[in-house]
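Me: I would like a close look at the cavities, and then at what surrounds them. Keep it brisk, and give the cut-offs.

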Amino acid sequence: MTMRVPTLPHGAWRRALSGALALSGILALAIVVACGGESVPHSATGKAGNGGTLRIPLINDPILDPVIAPDIGSVMVNKVLFPGLVRPDEQLRPTPDLAESWSTSADGLRITFKLRPGVKWHDGAPFSAHDVKFTFDQIIDLASGSRLRSDFAAISGVDVDDSLTVTFRLRTPFAPFLTLLGYNAGILPKHLLQGAPLTAATDFNRKHPVGTGPFMVQTVVPGTSLTLVRNPYYYGTPPRLDRIVFKVVPDLNAQVAQLRAGELDLITIEPANLASVQGAPGIEVLQVPVVQHYYVALNTTRGRFHPAEVRRALGMAINREAIIKGVLRDYADLPRGTIPVALRDYFADSIAPTPYAPDSALAMLARAGWRRGADGALRDAHGSTFDIELLVDKGNPTREQSALAVQQDLAKIGIHVSIRTMEFAALVRDRILPGNFDATLIWWTTPPDPDQYAFYHSGQDNNNVKWSNPRADSLLSLGRITLDSTQRRAIYHAFQRVEMEDPPVLVLFYPREIQAVTARLEGFPSLGIRDALRHSERFALRAK
Amino acid sequence: MAAFLLRRLGHAMLVLLVVCTVTFAIVHAAPGGPSLLADPKLSVAERAAIAERLGVDRPIPEQYARWLTRLARGDLGNSFLYETNTASTIAQRLPNTLLLAGTALLITIVVAIPLAAWCAERPGGWLDRIAGALAMGAISIPVFWLGIVCILVFAVRLGILPAGGAVGAEGGASLADRARHLVLPSLVLAAAGTAELLRYTRASARQQYARPFVRAARAKGVGERAVRWRHAMRNALIPAVTVIGLQLPRLVGGAAITETVFSWPGMGRLGIEAALARDYPLVMGITLVVSAGVLLASLLVDVAYLALDPRIRPDQS
């Protein structure tokens, strides 16, 4: 049998052919334009090394300015590019970075930093105390677009004593200050950014950032990747890697696939992804407790959630161990209060965790006026049922499954929970901020300091549940102005005891970050990826 | 013809204005608002300062009037999410989308039409059955699943093709490198479109083969090849052109799911990011570009009708 190949007679087919040719022309043009990309070669590059290239995913293009960057991806890149005055060690305690040493005045209101001499920016310009003052003037300026202002609200001014000495004046003593300096407050170059709003420095923020970190930006391909090379001027131990490439890979399943295909080296995953990386050749799974607490927020302005014993009872009706085992696959820790176990110096492990005790919960609820009716539903004296609408953000399996577990546990004591999933932004803007919610399953990621004044002191903007406890208020106020670490520890242990009696929120677990990494990775500190990136000069890849 | 094109262009401008107005209203009515303001850690004062800087504290009609005024000056404004000029952000992504969607469309046309002609002539034959089954599968399988499976097979297991991206991570965007990155996403993107076009064209061709003029042509002794292509297929292509026309907007709009699964830096992914972040200037910019693309595509389809069927005249359409 002969193949009958379609031929192209005259007329319509000639036009079709010319159409196809035109389409091919467009494609060829697209290839050429796309190939051109937005590659921005940098003039200086690091000297050659044999450390290889580490590839880490981002979910979108980062903003390369630590003061205005609003998202996690940007924060990660900026931790490499822009060191701060201090950085956290593996115990999350601040250690010298751009500052060599510091001293605090007796009243705690003046902190003076001696800066490391001889530090240069990626463009070769010298780093000085003027850069530090410039950065913090921007951070505390409401109009600058700063995302760090609330961290540093205690600063009343910054003085340049000499080119390598800078003094911060504070309104009150502020214990978390050093920790916050090592958290997101990377130092910006005054000589490149002064005179215009930070948000308008598009060329700096997107293509040509200049920091003092161990790696500097070589190439930016929008929507695709960001290539960092060694900084030849780096002041610390010379970096071991040749390059760090941040690749834009928005989908978590695609990140896992790329890790397995050897196209990524270091990703963080959800417990639901564990099955696809465990036992995969050349991949190691690491876990690190991170400074987060996941909880069910109960709106205490709604009458039924106002009594502390109702909140305590609900807490006792939730089987946290089952959630940690079933949903988190044991990659989480059992909570006591809102200060997570990652804050080793402050977490009070002498406190017993809230037990899972549905019967005691029912007895407690009965004392608060809620009794089970013949149909098993919990009712108050007027016969109203105990119904809760639980809000959870859409798309994250860990939180959605945890919400289901809470729903089932509370059903067992006669409380009807209806789950409503919403986009995160809508959840925050339309429900949490206006106080228009019963309950929501949410989390806080906090700096590595126990200060939770902003979240749980009465009347604060971030105290969304409107929790108010006078004893907690005074402990939280005292904790942030107490500089002695032993006294501070006692204050926060006392705060956690208050939380066990009068829970501000129902803490479900302290998650551990699950890092899936190539087995060739070395020198990666046992820290959450964001804090670990403050030590990128130590990373290395073993030869294949 | 010139008058026809001019009139269509006038319509197009009007449609664009309506689309922009409706989009502006919808995106502002969507719950949540700009994600920049949704960070729960912001204080009330910080949130107010950001809203003022973005201009979203103004009444919505005023915001729209400002947007239109800027548009008249050719300025699409700055993206909230990227703090960059909207037009240049779109311009960076458009070539990637043209490349991916264009390749997929080319695959669709080159595979579906000859295959449809073949199948229509031999209904129930082995190729027709295989093609029919594959087409059913391609239409039914969700793109994200097909994409992940292709990545697992070709990138993870066999290691012969890259798992994602438009170029290798370490630069070196040679033509061969780009082509390798294009294979999986363009095939996955083409799968459903090819299946759809195949089924439409095959059905339409079958109808044509059964019509009297085909029999008349054969009776007159016209060669089988000419019967197939000049008589049957030419008429069968009118619905096919409609189906192709419906896929054209993807050339500019991108394919959100495929681009996300394959980390392809195109317009579809940008559109999703913009919509989720309620990045109003970027959403509006993308809407404008994509609607212009759709209008252009429908114009092209109408012109193609004229070429294919002399009975259709411009003044009737």
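Reply: A cavity here is a set of points, on a 1 Å grid over the protein atoms alone, where a 1.4 Å probe fits but cannot get out. Lining residues have an atom within 4 Å of a point. Grid points are joined across faces, edges and corners, and a volume is the space filled by probe spheres set on the points. Rolling a probe the size of a water molecule over the atoms shows where empty space is left.

This is a predicted model: local features need pLDDT of at least 70, side-chain atom pairs count only at pLDDT 80 or more, and totals for chains, interfaces and linings use all residues. Residues are numbered from 1 along each chain as its sequence is written, chains are lettered from A and ligands numbered from 1 in the order in which they are written, and side-chain values use heavy atoms, with hydrogens and water left out.

The search of the whole structure gives nine cavities of 30 Å³ or more. In chain A, β13 (292-298), β19 (439-445) and α14 (453-456) each supply at least two lining residues. Helices (H or I, at least four residues) and strands (E, at least two) are DSSP runs, numbered from the N terminus. The largest share, four residues, comes from β19(A). By class, this lining has 12 nonpolar, four polar and no charged residues. Ala, Val, Leu, Ile, Met, Phe, Trp, Tyr, Cys and Pro count as nonpolar, Asp, Glu, Lys and Arg as charged, and the others, Gly among them, as polar.

Next, the second largest cavity. Its volume is about 60 Å³. The residues that line it include B:Ala101, B:Ala104, B:Leu105, B:Thr108, B:Gln247 and B:Arg250. Two or more lining residues come from each of α4, α7 and α10 (250-253) of chain B. Here α4(B) gives the largest share, four residues. The lining divides into six nonpolar, two polar and one charged.

Now chain B itself. It has 13 helices and zero strands. Its C-alpha atoms fill a box of roughly 85 × 55 × 35 Å, taken along the principal axes.

Chain B also meets chain A. In contact (heavy atoms within 4.5 Å) are 73 residues of chain B and 72 of chain A. The two chains bury about 6,000 Å² between them, 62% of it on carbon and sulfur atoms. Buried area is the accessible area (1.4 Å probe) that two parts lose on being put together, summed over both.

Three salt bridges link chain B and chain A. A salt bridge is a side-chain nitrogen of Lys or Arg within 4 Å of a carboxyl oxygen of Asp or Glu. B:Asp39 forms one with A:Arg147, the closest N and O atoms being 3.7 Å apart. The elements that give two or more residues to this side of chain B include α2 (44-54), α4 (86-121), α7 (175-209) and α13 (280-308).

Over all chains, the search finds 32 salt bridges. A:Glu522 forms one with A:Arg240, with the closest N and O atoms 3.3 Å apart. A:Glu522 lies in strand β21 (residues 521-522) of chain A and A:Arg240 in the loop between β9 (225-230) and β10 (243-248), so the pair ties together parts that are 282 residues apart in sequence.

Technical notes: On a 1 Å grid over the protein atoms alone, a cavity is a set of points where a 1.4 Å probe fits but cannot get out, and a pocket is an open set with protein on both sides within 12 Å along at least five of seven lines; lining residues have an atom within 4 Å of a point.
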